[in-house]
Amino acid sequence: MTNIALAIHGGCGTLPKAEMTHAEWAQARADLAASLRAGWAILARGGTAVDAVEAAVLVMEDSPHFNAGHGAAFNADGEHELDVSIMDGATLAAGALCGVKRVKNPVSAAKALMRRGDPLLLAGAAGDAFAEHEGLDMVENEHFSTERRRKNLSSMKIRELVGTASEASEAEKHGTVGAVARDVQGHLAAATSTGGYTNKPVGRVGDSPIIGAGTYARDGRCAVSGTGKGEYFIRYCVGHEIASLIAYKGLSLKQATDTVLAELTAHRIGAGLVAIDADGAIVAPYNSEGMYRGWVTPDGLVHVATHGDVEMAGQA
């Protein structure tokens, strides 16, 4: 198991601690730990980084605590439009869907599309039809709804009316889940899945399904999954920029991610990410109040966090 590595995020702009009960925070951390254990189990038995990131994201897509799958944000029409991508650092193969409404676990559909090889990205009903043809679990759009997300939508509608939408917290607006991994063969992979942001325009697509922006993996460089305002991640080509700083300037993973995050911070852009380099080093920087995040250390210990404190959650 030399240098296998796994890290996840469940979105930056974590809720203020007072917004959820102690039990709710505990459950969110338990779901992060479950995500890590699912991905680590694959890596530990010699499985691929691609399968590991899919497994980790699947758990978060099924959790109501994160803005992906069940628990996704509502758009302006009160529906869910889901975006996702996955990338194999060994081959640069990738699969992505945007604006899908009926795929229970979009990350599995993205992997199936990647395996097919062409096209790389499908949008809307075409993405749903592809997933259904592949025999993946399909659901009604209401499956993704939660009461917390309904309250977020109501809050953002009010803010829109009174002109305070720009003052909404990152937690009110955004949220994404993602995973990065290095397998025993040294191959890297990344996956990112999201419901976008609350009250987003119908048809809006963010960075999560855009290779090189919110998701990027390339062997010998790094694997990255980001979270924040997608429009900025696209403009800054965040994932590819980090990989390029490593490849062309010789920066370490920490130096490269710190450089990109500092530029986003200077422009008052809330952002976070998890990344792994070719040797299995992990970083999880963010510039918001918190970020749901976690990783497994080489000794197999699970670490999870929501705000500043990191909690050890037992053995993977």
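Which residue in β3 stands opposite L82? In this predicted model, L82 faces V100 of β3. The two residues belong to strands β2 (residues 82-88) and β3 (residues 94-100), which run antiparallel and are joined by five bridges. Strands here are DSSP runs of E with at least two residues, helices are DSSP runs of H or I with at least four residues, and both are numbered from the N terminus. Two strands are said to pair if DSSP finds at least two bridges between them.

Residues are numbered from 1 along each chain as its sequence is written, and side-chain values use heavy atoms, with hydrogens and water left out. As the model is predicted, local features need pLDDT of at least 70 and side-chain atom pairs count only at pLDDT 80 or more, while totals for chains, interfaces and linings use all residues.

Nine strands form an open sheet with mixed pairing, in the order β4-β3-β2-β6-β5-β1-β11-β12-β13. The edges are held by β4 (121-123) and β13 (310-315); each has a single partner strand, so one side of each has no neighbour in the sheet. On average, and ignoring direction, neighbouring strands of this sheet are turned by 10° against each other; such angles are taken between axes, which are lines fitted to C-alpha atoms (for helices over the stretch in contact), and run from 0 to 180 degrees between N-to-C directions.

Seven of its seven residues are buried, so β6 is largely enclosed by the rest of the structure. Buried means under 20% relative accessible area, exposed means over 50%, and partly exposed lies in between (1.4 Å probe, protein chains only). Both faces of β6 are covered, with L188, A190, T192 and T194 buried on one side and A189, A191 and S193 on the other. Antiparallel pairing over six bridges connects β6 with β2, where S85 has T192 as its bridge partner. Six bridges also join β6 to β5, again antiparallel, and here V177 is the bridge partner of S193. The hairpin of β5 and β6 has five residues between the strands, and in it G186 takes a positive phi near 90°. Helix α2 (residues 49-61) lies across β1 (5-12), β2, β5 (177-182) and β6, and runs at about 155° to β5.

Annotated positions come next. UniProt, in an unreviewed entry, places the feature "active site" at T176; UniProt positions are given in the numbering used here, feature names are shortened, and annotations may be inferred rather than shown by experiment. T176 sits in the loop between α6 (170-173) and β5 and is buried, with a relative accessible area of 3%. Leaving aside residues up to four places away in sequence, T176 touches H9, G10, G11, N67, T192, S193, T194, S208, G226, T227 and G228, where contact means heavy atoms within 4.5 Å.

The unreviewed UniProt entry also carries the annotation "binding site", covering R204, V205, G206, D207, T227, G228, K229 and G230. Of these residues, R204, G206, D207, G228 and G230 are included in the lining of the largest cavity. On a 1 Å grid over the protein atoms alone, a cavity is a set of points where a 1.4 Å probe fits but cannot get out, and lining residues have an atom within 4 Å of a point. R204 counts as buried at 12% relative accessibility, and G206 is buried at 3%. Beyond residues up to four places away in sequence, R204 touches E81, D83, G196, Y197, G230 and E231, while G206 touches D83 and I234.

Finally, the structure holds two aromatic pairs. The ring centres of W25 and Y292 are 6.1 Å apart and the planes stand at 35°, so this pair is tilted. Rings of Phe, Tyr and Trp (its six-membered ring) pair if their centres lie within 6.5 Å; planes under 30 degrees apart count as stacked, over 60 as edge-to-face and the rest as tilted. For F66 and Y292, the centres are 5.3 Å apart and the planes at 90°, so the pair is edge-to-face. F66 lies in the loop between α2 and β2 and Y292 in strand β11, so this pair ties together parts 226 residues apart in sequence.

Conventions
1 Å grid on protein atoms, 1.4 Å probe; cavity = no way out; pocket = protein on both sides within 12 Å on 5 of 7 lines; lining within 4 Å.
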